[in-house]
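Reader: I have a model open and want to go through its side chains. Can we start with the rings?
Author: Fine, here it is.

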Amino acid sequence: MNLFDVKGKTVLITGASRGIGKSMALGFRDAGAIVYGAGSKPESIHWMEKEGIHGVVLDVRSEGSAFEVIGKIKTKHGKLDTLINNAGIATNTPASGFKEDELQNIVQTNYVGVFRNCQAYYKHHKKEGGNIINVASVLGMVGSKLASVYSGTKGAVITLSKALAIEWCNNGYRVNVICPGLIDTDMTDMIKDKEFIMKQVLAGIPMGRLGKPEDILGAAIYLASDSSAYMTGQCIVLDGGLTAQ
């Protein structure tokens, strides 16, 4: 028996158009899963069809969007086995400089959207049970300058996941979290573009490098498979040793 087998499982990944989400979508496809990749705009999912991934438009900030998408997946396949809430945004705005629209956009995307997706999944699968993987960040565990609101939302996702794990356990749900460190995607361009800051960042990572999107896949496969059947309300940290110091 292959405990890490996800072949034939249905998986919905939000924020799958790029970065970590795209890497997970391709990785789960290669592992034999039936993958639905969500992007906020039609043009962001065009590439998925030729890659064997079912592209769906899902703006996590839009109330009801996740309920509709998950309902269609359940109707077609009988069940959504795993929901991966990966969609998120970040800025490097000083705390004193946040405007209301920027604040709301981050909160709605990174926290409210995650809650709505979890809620929609639960409402569709109360009898079947389910498996939720929320992608947070090490910045939800430690503080960092120029990341006040982002850190707050990611910390909220971690504690939300623990609360849902307890509340929905008797309904056959598992809820866990992946906390990546600094990953080499377009979200870290604001760091990579500044050589001096980049040197400081790398000096603070024991492994001496940024993570790659593919570095997150193994943890996601583990959490989506039967290998983690007795695991819920937990957080897997993948940060090159950053928070181990």
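Reader: How many aromatic pairs does the structure hold?
Author: Five aromatic pairs. Rings of Phe, Tyr and Trp (its six-membered ring) pair if their centres lie within 6.5 Å; planes under 30 degrees apart count as stacked, over 60 as edge-to-face and the rest as tilted. This is a predicted model, where local features need pLDDT of at least 70 and side-chain atom pairs count only at pLDDT 80 or more, while totals for chains, interfaces and linings use all residues. Residues are numbered from 1 along each chain as its sequence is written, and side-chain values use heavy atoms, with hydrogens and water left out.

Reader: Why is the pair of Phe 4 and Tyr 222 called tilted?
Author: Because the planes are at 40°, with the ring centres 6.3 Å apart.

Reader: Which parts does that pair tie together?
Author: Phe 4 is in the segment before strand E1 (10-13) and Tyr 222 is in helix H7 (residues 217-224), so the pair joins parts 218 residues apart in sequence. Helices (H or I, at least four residues) and strands (E, at least two) are DSSP runs, numbered from the N terminus.

Reader: Which residues do ring pairs link into a cluster?
Author: Tyr 121, Tyr 122, Trp 168 and Tyr 173.

Reader: How far is the sulfur of Cys 118 from the closest cysteine sulfur?
Author: The distance is 14 Å, to Cys 179, which is too far for a bond. Cys 118 is buried, with 0% relative accessible area. For Cys 169, the closest cysteine sulfur is in Cys 118, 15 Å away and again too far for a bond. Cys 169 is partly exposed, at 40%.

Reader: And the largest nonpolar core, which residues touch the most other members?
Author: Leu 12, Leu 58, Leu 80, Tyr 121, Ile 132 and Trp 168, out of 31 residues. A nonpolar core is a set of buried Ala, Val, Leu, Ile, Met, Phe, Trp, Tyr and Cys residues joined through side-chain atoms within 4.5 Å.

Reader: What elements supply at least two residues each?
Author: Among them are strand E2 (34-39), helix H3 (100-124) and strand E6 (173-180). Another core, of 27 residues, lies apart from that one and includes Ala 16 and Ile 133.

Note on methods
A disulfide is a pair of cysteine sulfur atoms within 2.5 Å. Buried means under 20% relative accessible area, exposed over 50%, partly exposed in between (1.4 Å probe, protein chains only).
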